[in-house]
Amino acid sequence: MTDQLNELAYYCITRHPADARVLLPEARDAERLGLGSCMIGERMTVKDSAVLSGGLAGCTTDLGIAAAATNHHTRHPMVTATIGSTMRALTEGRYAMAFGRGMAANWKAIGLPAVTEARLRDFVGILRRLWDGETIVNHDGPAGKWPVLYHQNGLDEAPPIGFVAVGPKTMELAGEIGDFVVLHTFFSDEATANSVAAVRRGAERAGKDPDSVRIWSCLATASDALTPEDQLRRRTGRLVTYLQAYADILISANGWDPQVWERIRSTQLFQDAAAAGPIDASASVDVLEQLDALIPDEWLASAAYGTPEQCVRKISREYDLGCHSVIMHGASPHELESVVDAYRADRPTLRRAVAANPGKFA
C-alpha cells in the first residue's frame with residue numbers, strides 16, 4: 001500500500017465548465033497516488049459541496065475531505081449542522097468544513113447580506129453548540145434570528161471548522177476560533193509569511209497554542225507534464241481570472257504595485273478578455289500569451305511550475321514559511337503524478353505530523 005501523504009491535497013473539478021462526473025475518477029487517482037485530502041470549492045453551478053462530499057465519501061476509504069469553502073448564510077444553520085454530522089459519520093472522521101467570505105457585491109446582487117467577521121463568529125458558535133447537542137432558543141445575533149435551533153447526532157466528535165481566507169483579519173479570526181485555514185492561491189512568500197503570522201496572532205489571542213491551527217498553502221501547480229497551453233491557462237490564466245474578480249484584495253495581500261495592475265486592466269486586451277467570461281476558460285492561447293507578457297514575473301513566481309523537481313522545491317518552500325500542508329491547485333490528480341513521485345523522492349521532514357482529515361494534526 002502506498003504511504004499516504006497527508007500533507008498534500010488537491011481541489012476537485014477545477015476545469016471550466018465544471019463537470020461533476022470527473023469527481024469519482026479524480027478521487028480514485030488521488031487514493032492511488034496516496035494524496036491526503038480533496039478540497040471542494042463550492043460554486044453555484046454544478047459544484048454543491050454537500051453532494052460532492054457524499055460522492056467522495058462513497059468512492060474512497062482513506063482520502064480526507066473538506067468543503068473549502070462553503071458559505072455559512074446560503075443554508076439554514078440546522079441544515080449545515082446536518083451536513084457536517086452526516087459527513088462525519090459517513091466518513092468515520094475524514095471530513096472537515098471551511099467557510100469563506102465571498103464577494104459582497106455578489107451577495108447583494110442575489111439578496112444575501114455581506115459576510116462579516118461578526119456574522120462568521122456568531123455562526124461558528126451556533127454550529128459548535130448544535131454539534132454539542134444543545135437546543136438554542138430565541139437566538140438573535142449577527143448571523144441571524146431564529147426562534148429555535150436544534151440538532152441531534154450522537155457523535156463523539158464534531159468535524160473541524162476552518163476558513164478560506166485572504167485578508168489578515170480573517171486570518172486572525174481563523175487562528176482564534178478555527179481548527180484550520182486555507183490561504184489563497186497566488187500568495188507571494190511575503191503574503192504567506194504574513195498570513196501565517198496573522199493566524200498565530202489570532203490563536204495566541206484566544207489562549208491557544210499558536211501552532212495548533214493547521215495552515216494550508218494553496219499553490220497553483222502547473223508542471224511541465226502538462227501541455228504548454230494547459231500550463232499557460234493554469235498559471236497566467238488562473239491568476240488573471242482572480243485579478244478579474246478581486247484584484248484589490250489580492251494585490252494588497254501580496255504587496256504588489258497597484259499601478260502595474262491599473263496599466264494591465266486599462267488595456268483593450270484585458271477588457272475584451274474579461275467581457276467574454278472567466279479568462280482562464282474563455283481566452284484564446286494568443287490572448288493568454290499576450291497577457292502573460294504583461295504580468296510581472298514576480299507575480300507568476302507565486303505558483304509551482306516547471307519540472308516536477310522545481311514544483312517540489314516550491315512546495316517545500318511553503319513549509320519553510322510556516323505552512324503545515326499544501327494544496328496543489330488547478331491540476332487533476334493524474335496530472336500531478338510526476339510531481340508526487342518527485343515529492344516522495346525528496347519528501348521534507350514536517351514540523352508537525354498531520355492527519356488525513358484536513359482540519360487535524362496527527
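A residue counts as buried when its relative accessible area is under 20%, exposed when over 50%, and partly exposed in between (1.4 Å probe, protein chains only). Helices (H or I, at least four residues) and strands (E, at least two) are DSSP runs, numbered from the N terminus. What you're looking at is a predicted model, where local features need pLDDT of at least 70, side-chain atom pairs count only at pLDDT 80 or more, and totals for chains, interfaces and linings use all residues. Residues are numbered from 1 along each chain as its sequence is written, and side-chain values use heavy atoms, with hydrogens and water left out.

Let's start with helix α15, residues 337-345, where V339, V340, A342 and Y343 are buried. Looking down the axis of α15, these buried residues fall within an arc of 160° (taken from the directions from the helix axis to the C-beta atoms), so they line one face of the helix. Here's the background: an α-helix has 3.6 residues a turn, so residues three or four places apart point the same way. The cover over the buried residues of α15 includes β1 (5-11), α1 (23-33), β2 (35-40), β9 (214-223), α14 (308-320) and β11 (325-329).

K314 counts as buried because its relative accessibility is 14%. Setting aside neighbours within four places in sequence, K314 is in contact (heavy atoms within 4.5 Å) with D189, L219, A301, S302, A303 and A304.

Now for the nonpolar cores. A nonpolar core is a set of buried Ala, Val, Leu, Ile, Met, Phe, Trp, Tyr and Cys residues joined through side-chain atoms within 4.5 Å. The largest one has 97 residues, and L8, Y10, L239, W299 and I315 have the most contacts inside it. Helix α8 (residues 228-254) gives this core its largest share, eight residues. A second, separate core has 12 residues, among them M39, A66, F180 and I327.

Pick out W299 next: beyond its neighbours within four places in sequence, W299 touches F186, L239, L243, I251, W256, D257, V260 and W261 by the contact rule.

Back on helix α8, you'll also find A253. A253 is partly exposed, because its relative accessible area is 23%. Leaving out neighbours within four places in sequence, A253 is in contact with V166, F187 and A191. A253 and A191 are 62 residues apart along the chain, yet their C-alpha atoms are separated by 5.8 Å.
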